[in-house]
Amino acid sequence: MSIPHTTREYRIPDPSGVHNLTLTSAPIPALKEHEVLIKVHAVSLQFRDINVVTDTYPQWQKENPVPGSDCAGEIVALGAEVSRAHWAVGDRVSSAFGINHIFGEANEEMKNSGLGGPVDGVLTEYKVLPEHALVRVPEHLSYEEAATLPCAAVTAYNSLMGGPNPLKGGDVVLVQGTGGVSIFGLQLAVASGASVIVTSSSDEKLKLAKKLGATHTINYKTTPDWDEEALKFTNGRGVDHILEIGGPGTLMKSANAIRYGGVISVIGYLAGQNCGDVVALLPIKLLSKAIIMRGIIIGSRTLYENMNRLISAVKMHPVIDRLFAFEDLREAYEYLLSQKHVGKIVIKVSKD
């Protein structure tokens, strides 16, 4: 195929709201020796994308960024020194969320290589990426499915497998809500032989969670003491892992529901950032139960590759709630803001 000289891409010239997502054209930069050019087929959205477009992202972001962190596409050109033994034109690939986070724990440099914030992102028709960031797409997945993996799925996998007490068969996992990370947490935990408790305010969403393999479901609107309910499900022992999405608004309940020595992976703050009594009470709770609490910053390329082996082994398919056209990006962001989705929202970028 012929290589274009320009690409359509979105920019955020003023991060004051979704209305400032601006579709424009830009030249495609010449490839450096170890870079590849990707034709982007699909991009998935996460709540972080809302933070970036509304200037509420708690970390540094560049001026006028190209948004979006998660894509899947095909290689259309290789830099002069890219390993031909490993990569070829036509390969189906994705990228690590932090393009310099190859293995191990994150650090400041790796954190500042996150696509769609500190670094221009993937809501573009063509994207230049370093070869060391690339991850091969599982063969059984479509581009749209593969585009959901880099942030939400790797975050869930890191939460369950990346810490000092990796998930094992027979463990009990509690996931909060039915957004992207939570649904991946449910699917990956079930694939690994765990029992899963899912909380949500929607009975309809909980029905879907059951279909995906949830052992127990709790509507936290009708059962506000969901932590006590989780303890009942485990005969008072507590759950082994919690994917903590709510933040300060739910942390104390998570600390009550976790077992002694269990792992709480702190991922989000959708229940609000008002700490209230949490700062005073939580340290005592952590100490008294020897709880392990981990802050999760996505995960490395190596974790991503490990996760893909599990996904390929069990032929797992990500849950996609809705597909949007590239030109309808603002509508997709508004739908993400509505929080009506279960699983992932995906943008179809390529027309072929």
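A: Helices (H or I, at least four residues) and strands (E, at least two) are DSSP runs, numbered from the N terminus, and two strands pair if DSSP finds at least two bridges between them. Bear in mind that this is a predicted model, where local features need pLDDT of at least 70 and side-chain atom pairs count only at pLDDT 80 or more, while totals for chains, interfaces and linings use all residues. Residues are numbered from 1 along each chain as its sequence is written, and side-chain values use heavy atoms, with hydrogens and water left out.

Q: Which strand is joined to strand 3 by eight bridges?

A: That's strand 4 (residues 70–78), and the two run antiparallel. In this pair, Val36 has Leu78 of strand 4 as its bridge partner. Strand 3 also pairs with strand 6 (residues 126–130), antiparallel again, over five bridges; there, Lys39 is partnered by Tyr126. Then there's strand 15 (residues 344–348), antiparallel to strand 3 and joined to it by three bridges, with Ser44 standing opposite Val346.

Q: Why is strand 3 described as largely enclosed?

A: Look at burial: buried means under 20% relative accessible area, exposed over 50%, and partly exposed in between (1.4 Å probe, protein chains only). For strand 3 (residues 35–44), 10 of the 10 residues are buried, so the rest of the structure largely encloses it.

Q: What about the nonpolar cores?

A: In soluble globular proteins, nonpolar side chains tend to be buried together. A nonpolar core here is a set of buried Ala, Val, Leu, Ile, Met, Phe, Trp, Tyr and Cys residues joined through side-chain atoms within 4.5 Å. The largest one has 37 residues, and Leu149, Val173, Leu188, Val198 and Met307 touch the most other members. Helix 4 gives the largest share, eight residues. Apart from that core lies another, of 36 residues, including Val43, Val82, Leu123 and Leu329.

Q: How do I zoom in on one residue, say Ser94?

A: Start with its place: Ser94 sits in strand 5 (residues 92–95) and is buried, with a relative accessible area of 2%. Next, check contacts, meaning heavy atoms within 4.5 Å. Not counting residues up to four places away in sequence, Ser94 touches Cys71, Ala133, Leu134, Val135, Val137, Pro150 and Tyr304. With Cys71, the side chain of Ser94 reaches the backbone oxygen at 2.7 Å.

Conventions. Polar contact = N/O pair within 3.5 Å; in protein donor to acceptor, adjacent residues only side chain to side chain.
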